[in-house]
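Please look at the sequence and the model before reading on.

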Amino acid sequence: MYWNGIQNGLAAARHAWSRLPESESGTTDDRERDEFSSRQSTSDSVESLDYEIIENYAYREEQAQRGKLYLSYYVGVKWLFSLLIGIGTGLAAVFINLAVENFAGWKFAATLSINQHSYFAGFIVYAFSNLALVFSSVFIVTHFAPAAAGSGIPEIKGYLNGIDTPGILLFRTLIGKIFGSIGSVGGGLALGKEGPLVHTGACIASLLGQGGSTKYHISSRWLQVFKTDRDRRDLVTCGCAAGVAAAFRAPVGGVLFALEEVTSWWRSQLMWRVFFTSAVVAVVVRSAMGWCKNGNCGHFGSGGFIIWDISGGQEDYSFKELLPMAVIGVIGGLLGALFNQLTLYIASWRRNHLHKKGTRFKIIEVCLVSLITSAISFGLPLLRKCSPCPDSEANSSIECPRKPGMYGNYVNFYCVKDKEYNDLATIFFNTQVMFYSLAVVTYGTAVPAGQFVPGIMIGSTYGRLVGMFVVNFYKKLNVEEGTYALLGAASFLGGSMRMTVSLCVIMVEITNNLKLLPLIMLVLLISKAVGDIFNEGFYEAQAHLRGIPLLESRPRQYMRKMTAKEACTNQKVVYFPRIVKVADLVSVLRSNKHNGFPVIDHSRSGETLVIGLILRSQVLVLLQSKLDFQHNPLPYDTRGSLPIRHTSSEFVKPVSSKGISIEDIHLSQEDLEMYIDLAPFLNPSPYLVPEDMSLAKVYNLFRQLGLRHIFVVPRASRVIGLITRKDLLEEDREDSATMELQSTSVRDHHSSKRVFGKSSMEQPLLDNLLTQE
């Protein structure tokens, strides 16, 4: 009976929860299928990235000309860029913290000084100081760098998932993110700078990869080594890890954050470079903090970076405490899921109604939120009586009350005696503290915003309340309330962001207490499980709200009941013949928005063959250059070597622009009557799947390999061979029983048979199957 009642209660709660933003009807498969269709329509306006290596003629020629010296140079430059990314992100984090703490310090010093004489005058100074900083932030974002709004993590997650979101990695976005974060965080809004630091690191990595910004004349030719989306993806991954390492001083947590939260593709070589970048960030931040301790940084001190050192606190825990700790996990899951739902609902309303009215309404909205936040944070401390300072002999290193404008605890706010402090003023007159309702309203405004710090403070609040209950209930136990506050912070972040491993390591690194690891793991597992009952994670929900079609870690259940052919029945395949007229190319590109086109030809027996895939961007480059135009519809003469008129880097779309469009190309009537042979430029080996393969398998293949296109073909009529594990392994000794598996190598005695000779490199791909004149 009780179990049935619990099940009915959960069902009712789930139904009420689903009705909060909008009601849903139908079966689970129907809802998922409708959601899939809506995301497909949304993704029509979004272009994907080319993470796949296109092994066309130009690529094969370049690989044949490159030797071991170039490979060493290529690897060395990657490590050099990892170093530069770490240094750049660390310096950016230090600069942001210096600016935020000094602006906030001057603001607090002036407010507390004036407050001794006039409370109203102190509020005016405090409110208008916040308003000026917040206005500078929203003005930069709305007029200079619109892509700098928000945390940037959903957009970067989409980029590493294979989605090209315009403007997120530009130089002006980097500048807007840095100075916008200074204004929004220094202005006291209910947000943090940790999310924007991830975006900052990604921007620094991308700019280094493309050699700087040509638009602002900040570029270097010798840095322009990594021009493909595949190489840029690795650099951006290093930048994301560097941002987390700089925000929390948690290098290992930064590596795990990149692995668990933002990347969809990983390999061991990338792991080493990401770890190296995070270590460099830790050294830079540590060096800067050491320099600031000597008083060289004004109001900074040791503030700005999250430091939660409870190494001298509770050393052990009792079995009786596991129940209240589990309760903290449940509370974190419920409040985190509610936070995601409310934030999504308000942000959706804001995007669909308020922000469509123009830039002026965005600025007015942020200014109103700033005034409300200032009024709440300045007025609430009046509700709390001042407390006497702790014994100075027992705590000789603590300054109570602290000097106005300096980072720390024990703020003298409207206290009669000198040796008193106000609890609530101590909370609000710092740059790292806000609360639940304001965090819900503030996120989604047109300023750089992160949710790590608000989440930590929200969780700490109810965590400490549970700790106080445990202290009063188990009076004989050595219970530290700070331990429960830490667990509350972890539970709320786990319930909202749904991270486990990376968040666990981050919390351990910022607390410097390894003994709490099992407890943090417990509350994270519980909070994530509870939150998953109601909705998806915070960043996934925000990505879907922004129209970023993320491929999640696993396929939906309905995909196991669909085939590849059923998924692509609504698509009309547009083919190009191998020898195509320029006018036909232009007509096809103008009439549709496809980004990939199969190329067909006929064998000597007249059979139609699909010889490869050519991208829209490649066709546009060929049309713009006009170098490969020919008067006759004939293939290249393969008796000699083909002229190399293009390098593989010419077909890569730059990050700083949208690339070439068909409207940018101007052709004469004579040009339109000419022909192009597409064989040297197409991808001769695209990935193929049979038409009856389940959509779930196609999904896994597509996501794990980072693909952009997959051909769906009929069942093959014959098999020419099988490749097994032993065909992909290296045999260093005759005794294969003691051979170690190396997944990235190829057997030497097979590689000699597979290396393309000079004669094959000088011919168009698949020439033995194509009609020759």
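Buried stands for under 20% relative accessible area, exposed for over 50%, and partly exposed for what lies in between, with a 1.4 Å probe and protein chains only. The count of disulfides is zero, a disulfide being a pair of cysteine sulfur atoms within 2.5 Å.

The model is a predicted one, in which local features need pLDDT of at least 70 and side-chain atom pairs count only at pLDDT 80 or more, while totals for chains, interfaces and linings use all residues. Residues are numbered from 1 along each chain as its sequence is written, and side-chain values use heavy atoms, with hydrogens and water left out.

## Nonpolar cores

The largest nonpolar core holds 106 residues, and F248, F452 and I520 have the most contacts inside it. Helix α9, residues 229-248, gives the most to this core, namely 11 residues. Another core lies apart from it and has 28 residues, including L585, I611, L623 and I662. Such a core is a set of buried Ala, Val, Leu, Ile, Met, Phe, Trp, Tyr and Cys residues joined through side-chain atoms within 4.5 Å. Helices (H or I, at least four residues) and strands (E, at least two) are DSSP runs, numbered from the N terminus.

Leaving out residues up to four places away in sequence, F452 touches I153, E194, G195, F248, F257, L493, M497, M499 and Y539. Contact here means heavy atoms within 4.5 Å.

## Helix α23

Helix α23 spans residues 616-625 and is mostly covered, with seven of its 10 residues buried. These are R616, Q618, V619, L620, V621, L622 and L623. They pack against β7 (576-577), α22 (582-591), β9 (596-602), β10 (608-615) and β11 (675-677). After α23 comes K626, which has a positive phi near 65°.

## Exposed residues

K561 sits in the loop between α20 (538-545) and α21 (564-567). Its relative accessible area is 57%, so K561 is exposed. From K561 to L695 the C-alpha to C-alpha distance is 7.6 Å, although the two are 134 residues apart in sequence.

L71 is found in helix α4, and with 52% relative accessibility L71 counts as exposed.
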